[in-house]
Amino acid sequence: MPGPPAAAAAEILDARYAVPIHYEPQQPDKIAGYVEVCDPENEWRTHAGRRAHVLAVGQWLDLTT
């Protein structure tokens, strides 16, 4: 499946929410072989669709709604 594996997993599991917990717009210490996409937030939203919720640092997602 194209796109981030977590977005594919959210689709397969029919998750209500998909929140990227390892997302950082700037990553000073890259992992060997890591390839940065031009716009990781938009990439996530594109592949996770309606499930995508990108939160600001310290922001909470109310899972009761």
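A helix, in the sense used here, is a DSSP run of H or I at least four residues long, and helices are numbered from the N terminus. With that in hand, let's walk through this predicted model. The protein has two helices and zero strands. Of its 65 residues, 14% are buried. Among contacts between residues at least 6 apart in sequence, 68% join residues at least 24 apart.

Let's begin with helix α1, which spans residues 5-12 and has A7, A8 and A10 as buried residues. They sit on the same side of α1, because they cover an arc of only 160° around the axis. On the face turned away from that buried side you will find the exposed residues P5 and I12. What lies over the buried residues of α1? Part of the cover comes from α2.

In soluble globular proteins, nonpolar side chains tend to be buried together. Here, the largest nonpolar core has seven residues: A7, A10, A18, W44, A48, A52 and V54. Two or more of these residues come from α1, and α2 also gives two or more. Leaving aside neighbours within four places in sequence, W44 is in contact with several residues, including A7, A18, A52 and V54. P4 is also among the contacts of W44. P4 lies in the segment before α1, and 40 residues separate P4 from W44 along the chain, yet their C-alpha atoms are 7.0 Å apart. Under the same exclusion of sequence neighbours, P4 is in contact with H47 as well as W44.

Next, follow the chain to R51, in the segment after α2, a helix that covers residues 40-48. Is this arginine buried or exposed? R51 counts as buried because its relative accessibility is 4%, and buried means under 20%. Its side chain has several partners. One is the side chain of D14, in a polar contact at 2.8 Å. Another is the backbone oxygen of A15, which the side chain of R51 reaches at 2.6 Å. Beyond four places in sequence, the residues that R51 touches include A10, R16, Y17 and A18.

R51 also forms a salt bridge with E11, where the closest N and O atoms are 3.0 Å apart. E11 belongs to helix α1 and R51 to the segment after α2, so this pair ties together parts that are 40 residues apart in sequence. D14 makes a salt bridge too, with R50, and there the closest N and O atoms are 3.8 Å apart. Since D14 lies in the loop between α1 and α2 and R50 in the segment after α2, that pair ties together parts 36 residues apart in sequence. D14 is exposed, with a relative accessible area of 54%, and R50 is exposed at 62%. The backbone of D14 deserves a glance as well: its phi is near 55°, a positive value in a residue other than glycine.

How many salt bridges does the structure hold? There are four. One of them pairs R45 with E41, with the closest N and O atoms 3.0 Å apart. Both residues lie in helix α2, four residues apart, which is about one turn of the helix. Elsewhere, salt bridges that share partners join E11, D14, R50 and R51 into one network.

Definitions and conventions. Residues numbered from 1 in each chain as written. Predicted model: local features only at pLDDT ≥ 70, side-chain atom pairs only at ≥ 80, totals over all residues. Heavy atoms only, no water. Polar contact = N/O pair within 3.5 Å; in protein donor to acceptor, adjacent residues only side chain to side chain. Contact = heavy atoms within 4.5 Å. Buried < 20%, exposed > 50% of the residue type's maximum accessible area, 1.4 Å probe, protein only. Arc of directions from axis to C-beta. Core = buried A, V, L, I, M, F, W, Y, C linked by side-chain atoms within 4.5 Å. Salt bridge = Lys/Arg side-chain N within 4 Å of Asp/Glu carboxyl O.
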